[in-house]
Amino acid sequence: MASILSNSQNVLITGGQLISNSTRIEGSQNGIDLLRQRSALSALLDSSERFDPPKCAPDTRISIIHEIIDWITNEDDASSMMWLYGPAGAGKSALAQSIAELCRKEKRLAASFFFSRTALNRNDGATRRFVKESIEEDPTIFERANETRMEQLVIEPLNRFAISWSNLLSIWMKQRLGCFVESHPRLIVIDGLDECLDPKIQCDLLKAIGEATQRLKLPVKFLIASRPESHIIHVFNHEPIFQKVDVSSINLALDNDAHRDIRTFLSKEFDAIKRTHPLREYLHGTWPTPDSIRQLVRKASGQFIYASTVLKYIQSPKHRPDDRLSVILGISPAPSHDTPFAELDALYTHIFASVGNIHAVIRIFGILIIRRSERDSPGDFTTPSAIERLLFFRPGEVQLLLGDLLSLIALSGRDTPIKVLHASLADYLLEPSRSGKFHVDLEVVHSLLARYYLKRASDVITVYNLNPIDFQTSMTSFLAHCERASRTQELQQYLLTFDFASICKTLVARHKAWLVLNPFYMWFLIKSFVRLLSGEIFQNAAGMDVYLSQQLDAINEFLIRQLKSSVTDNYLSDLVPRIWKRPKYTNFSCSHTRHEDDGQCLCRKIAIAACTAQYLTILCQLFYWDYNGTFTANIHIRYATAVKQCFAFLSIDLSENQLLHAERMVRRFPTGRLSDYVLTEAHLNCAAVLLPHACYTGDLVEYLSQYTFLPSLTNRHPSQVDELTKEIVSYLRDVEPSIDVTRWDYDHRWDYD
């Protein structure tokens, strides 16, 4: 018959003993000897194998220790069990050790057991004689069912002690005579329950303890310390026995004094280093600085294991403490042979090693720890429901995957952000030399987020009443993450199926009013998208050039149709050749093969098509979207109005105002540096193309006759300003041949005769 703790070296807690099922009973032996053969002596409270066990530092955990001691000593408290739980490294074992030592001094400790991945424990108590008698009465007890062993090795010995003459006399003397009597054992400490390798055994032990509390005649209390694993939570919340048993609990994650206690601990340990370290005379008097301690406290996140690990590294007598603190703070690199966080890394590695679908879990943690873009909302996209949408999981899958990691995270509900409890966890996951196979590749995480935001952006087509601000936010985040992503197969395939042209068409068709309020959005959208897909990330990606070329052709055809519904296409015959003649395209060259039809490389065709699309968005803004609020059926008057809008844009002082609308748009497109330079040049070119088609209105004539180019404009775009100046002078002389143009002649040295 397997023991209740068969996967933990077959140990069973009794009144002061831990029984093993690893040997057979032979002959007639003393009950205690038989028990000792089945015990894990390494888990004694003061076992040599647990030399220097963790315990609370002086002046720390004071309020929690007082709370537990009050619970132990208060006979009126109805709860017979207390669950001390918290994140990994929160100090549960140190508290359990400190409480056990305090109770042993006061002779209140009946038994203790300290689970470990490598060692186990037992402790003798006042019920020794009764345990011995139970074993000697039935030496085959070790072969019985779990319930029988709990009955005969825990409940019966403690109940026999409860009705023993010594105990009854002590009770009578205390009640009747008020005499001082020796305290009797009333506490059993079980630490590290989650360290037992088999979750089923953990649950069985908890249920057995719950049953025992209902049948014990002594007011024995059980202090159980563990991480908040999902199966342990389930036992406490749903097992029938715990509907009858009153269980107190302390969540160390909610300890408001933890940060203060860690600061106290660090300060005292640093003082000790300055007093005792062999190199203490070389330490500066102000070392460590208050800011250094603040950084360590913040990194600890209320978990003592971080502070303890850091100090063990810094305290090394063979190294300079100040140098090692610099390594911890990231000021200096760690020597190649150093492992500053070895103990902490071992803890994290052990926890992740117990996870089933580690590939999916690492993706989730990558999303939780990645640095967000400006438009990301961590609160919105770190909830289980949002992560499930992002990773295309089924509802409830995140909760299942993270159920065994509640010592690292706080998981409250589907729509509540998941909280990472350890600030140091991100450092572990992001450093391959520390996390190994559990390493989080941020470029892969960026590709996951880019794919998700691209899908959200696609909803503008399928969701008729989608808020365009949601689309804008999604595209901004997509561009930001995609720029830092690795070119995964999933992301590349998703991009090739992304109908960018239809997105642009839908924005123009359904959200024209929003585009009026957000001028130049389409300009930057097209520019950013093409820049990204033509850049280094997707360089030589199969099918990407063809995809871009087709999408841009579709966009241009659509925008031209939109413009033709409002104005004639006279400007197009002038505009497109002007774009082609720009120096950046006439000198354009790359290594790609030439197109069969016209001998041009596909890269050049994409660049020209993208620039054409951007120019068409400005023309749509000037005509079709009519953002100036003025509409007239007279096409030449509309040309004149459009020209005036171009000059109004150009009259903004670039050196001081930075084109307020354009600057606002730039912040929404994080890919590359999208300065206003090209946008300004586009307005100069559009004005030069449209002005010959404009009618001669007194308003425009007066405006142009008084117009002066800003010095910053003439310095940055001399050739475009000169070309537009020719058109201005020609326009003014056609209206009034006698008009004085000497001012233009003086400024630009043109001979207009």
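**Entry 1. Salt bridges**

I counted the salt bridges and got 19. The model is a predicted one, and I let side-chain atom pairs count only at pLDDT 80 or more. I kept in mind that side chains of opposite charge can pair when their charged atoms come close.

I looked at Asp204 first. Its side chain meets that of Lys200 in a salt bridge, with 3.1 Å from N to O. I placed both residues in helix 7 (residues 199–215), where they are four residues apart, about one turn of the helix. An α-helix has 3.6 residues a turn, so residues three or four places apart point the same way. I then checked the cover on Lys200: its relative accessibility is 55%, and because the cut-off for exposed is over 50%, Lys200 counts as exposed.

I found a pair of this spacing type again in helix 10 (residues 290–300), where Arg294 and Asp291 are three residues apart, about one turn of the helix. Their side chains meet in a salt bridge at 3.7 Å, N to O. Arg294 has a relative accessible area of 49% and is partly exposed. Asp291, at 39%, is partly exposed as well. I also noted a network: salt bridges with shared partners join Asp194, Glu195 and Arg227.

For Arg260 I noted a relative accessible area of 47%, which makes the residue partly exposed.

**Entry 2. Overall make-up**

I counted 36 helices and nine strands in the protein. The protein has 753 residues, and 53% of them count as buried. I took the contacts with a separation of 6 or more and found that residues 24 or more positions apart account for 75% of them. The accessible surface comes to about 34500 Å², and carbon and sulfur atoms hold 50% of that area.

Which strands form the open sheet, and in what order? I read five strands in the order 4-5-6-3-7, with parallel pairing. The edges are strand 4 (109–114) and strand 7 (247–251); each has a single partner strand, so one side of each is left without a neighbour in the sheet. The twist from one strand to the next averages 15°.

I went through the pairings. Strand 4 runs parallel to strand 5, and five bridges join the two; here Ser112 stands opposite Val189 of strand 5. Strand 5 and strand 6 also run parallel, joined by five bridges, and I noted Lys221 in strand 6 as the bridge partner of Leu187. Strand 3 (residues 81–85) is joined to strand 6 (residues 221–226) by five bridges, again parallel. In this pairing Tyr85 stands opposite Ser226 of strand 6.

Is strand 5 enclosed or open? I found five of its five residues buried, so strand 5 is largely enclosed by the rest of the structure. Leu187, Val189 and Asp191 are on one side and Ile188 and Ile190 on the other; both faces are covered.

I next looked for helices lying across the strands. Helix 3 (residues 92–105) lies across strand 3, strand 4, strand 5 (187–191) and strand 6, and it runs at about 155° to strand 5. Helix 8 (residues 230–238) lies across strand 3, strand 6 and strand 7, and it runs at about 150° to strand 3.

I checked the length of helix 30 (residues 635–650). Its 16 residues, at 1.5 Å a residue, should span 22 Å, and its end C-alpha atoms are 23 Å apart, which agrees. I listed the buried residues of helix 30, among them Ile635, Arg638, Tyr639, Gln645, Cys646 and Phe649.

Where does Arg531 lie? I placed Arg531 in helix 25 (residues 521–533). Its relative accessibility is 36%, so Arg531 counts as partly exposed. I also looked up its separation from Ala607: Arg531 and Ala607 are 76 residues apart in sequence, and their C-alpha atoms are 9.3 Å apart in space.

Terms used
Residues numbered from 1 in each chain as written. Predicted model: local features only at pLDDT ≥ 70, side-chain atom pairs only at ≥ 80, totals over all residues. Heavy atoms only, no water. Salt bridge = Lys/Arg side-chain N within 4 Å of Asp/Glu carboxyl O. Buried < 20%, exposed > 50% of the residue type's maximum accessible area, 1.4 Å probe, protein only. Expected span 1.5 Å × (residues − 1). Contact = heavy atoms within 4.5 Å. Areas by Shrake-Rupley, 256 points an atom, 1.4 Å probe, with all protein chains shown as cover. Pairing = 2+ DSSP bridges. Axes fitted to C-alpha atoms, helices over the stretch in contact; angles between N-to-C directions.
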